[in-house]
Amino acid sequence: MKKIFFLLILVICFVLPFCTSTKKAASKHPPRLTYAADIQPLVVANCSPCHIPPKGNKKPFDSYSTVKSDIDEIIMRIQKNPTDRGFMPFKHAKLADSIISKFVSWKSEGLLEN
């Protein structure tokens with residue numbers, strides 16, 4: 001009986017270290033939006049040339065700090081309908097809801113820079 005018990009303990013000691021999962025734990029939260037990775041490309045694509053110097057003659061949105069300080073105004077204007085006064089992007093079609101939701105999500109997630 002002692003031999004069986006000893007053999008069982010020995011097998012457990014050698015087998016258990018190899019019994020690990022190779023699957024990574026799935027993230028419960030999607031990656032958070034950042035200015036550099038998610039918002040800046042949208043601003044450049046949708047707000048230039050008017051808000052991107054040197055060609056832009058409107059308030060510049062070429063840096064994290066300027067976009068962050070005016071995020072409420074930006075969101076308000078891009079959520080308007082094209083027939084509303086103050087609608088942005090001026091003289092262009094309304095941005096897709098997926099683009100608008102990125103701005104809203106970025107604000108609600110804390111306006112991360114990087």
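The axes are lines fitted to C-alpha atoms, for helices over the stretch in contact, and the angles run from 0 to 180 degrees between N-to-C directions. The structure is a predicted model, in which local features need pLDDT of at least 70 and side-chain atom pairs count only at pLDDT 80 or more, while totals for chains, interfaces and linings use all residues. Residues are numbered from 1 along each chain as its sequence is written, and side-chain values use heavy atoms, with hydrogens and water left out.

The chain holds five helices and zero strands, and its elements run α-α-α-α-α from the N terminus on. Here helices (H or I, at least four residues) and strands (E, at least two) are DSSP runs, numbered from the N terminus. Of the 114 residues in the chain, 23% are buried, where buried means under 20% relative accessible area, exposed over 50% and partly exposed in between (1.4 Å probe, protein chains only). Among contacts (heavy atoms within 4.5 Å) with a separation of 6 or more, 55% join residues 24 or more positions apart.

We can now turn to the helix pairs. The axes of H2 (residues 35-47) and H5 (residues 97-108) come within 11 Å and cross at roughly 135 degrees, so the two helices are oblique to each other. From H2, the contact is made by Tyr35, Ile39, Leu42, Val43 and Asn46, and from H5 by Ile99, Lys102, Phe103 and Trp106. These residues divide into seven nonpolar, one polar and one charged; Ala, Val, Leu, Ile, Met, Phe, Trp, Tyr, Cys and Pro count as nonpolar, Asp, Glu, Lys and Arg as charged, and the others, Gly among them, as polar.

H5 also packs against H4 (residues 71-79). The axes of H4 and H5 come within 10 Å and cross at roughly 155 degrees, so this pair is roughly antiparallel, and its crossing is left-handed. Ile71, Asp72, Ile74, Ile75, Ile78 and Gln79 of H4 meet Ile100, Phe103, Val104, Trp106 and Lys107 of H5, a set of eight nonpolar, one polar and two charged residues. Met76, which lies in H4, is partly exposed at a relative accessible area of 39%. Its C-alpha atom is separated by 9.1 Å from that of Met88, 12 residues apart along the chain.

The loops deserve a look as well. Thr34, in the loop between H1 (2-15) and H2, is buried, with a relative accessible area of 12%. Its side chain reaches the backbone nitrogen of Ala37 at 3.2 Å. Leaving aside neighbours within four places in sequence, Thr34 is in contact with Ile39, Trp106, Leu112, Glu113 and Asn114.

Most residues other than glycine have a negative phi, and most peptide bonds are trans. The bond from Ser48 to Pro49 is cis, with omega near 5 degrees, and that from Pro53 to Pro54 is cis, with omega near 5 degrees. Lys91, in the loop between H4 and H5, has a positive phi near 60 degrees and is exposed at 72%. Leu111, in the segment after H5, has a positive phi of about 55 degrees but is buried, at 14% relative accessibility.

Definitions and conventions
Angles under 35 degrees count as roughly parallel, over 145 as roughly antiparallel, 65 to 115 as roughly perpendicular and the rest as oblique. A polar contact is a pair of N or O atoms within 3.5 Å; within protein, one must be able to donate a hydrogen and the other to accept it, and residues adjacent in sequence count only if both atoms are side-chain atoms. A crossing is left-handed if the near helix is turned anticlockwise from the far one by less than a right angle, and right-handed if clockwise.
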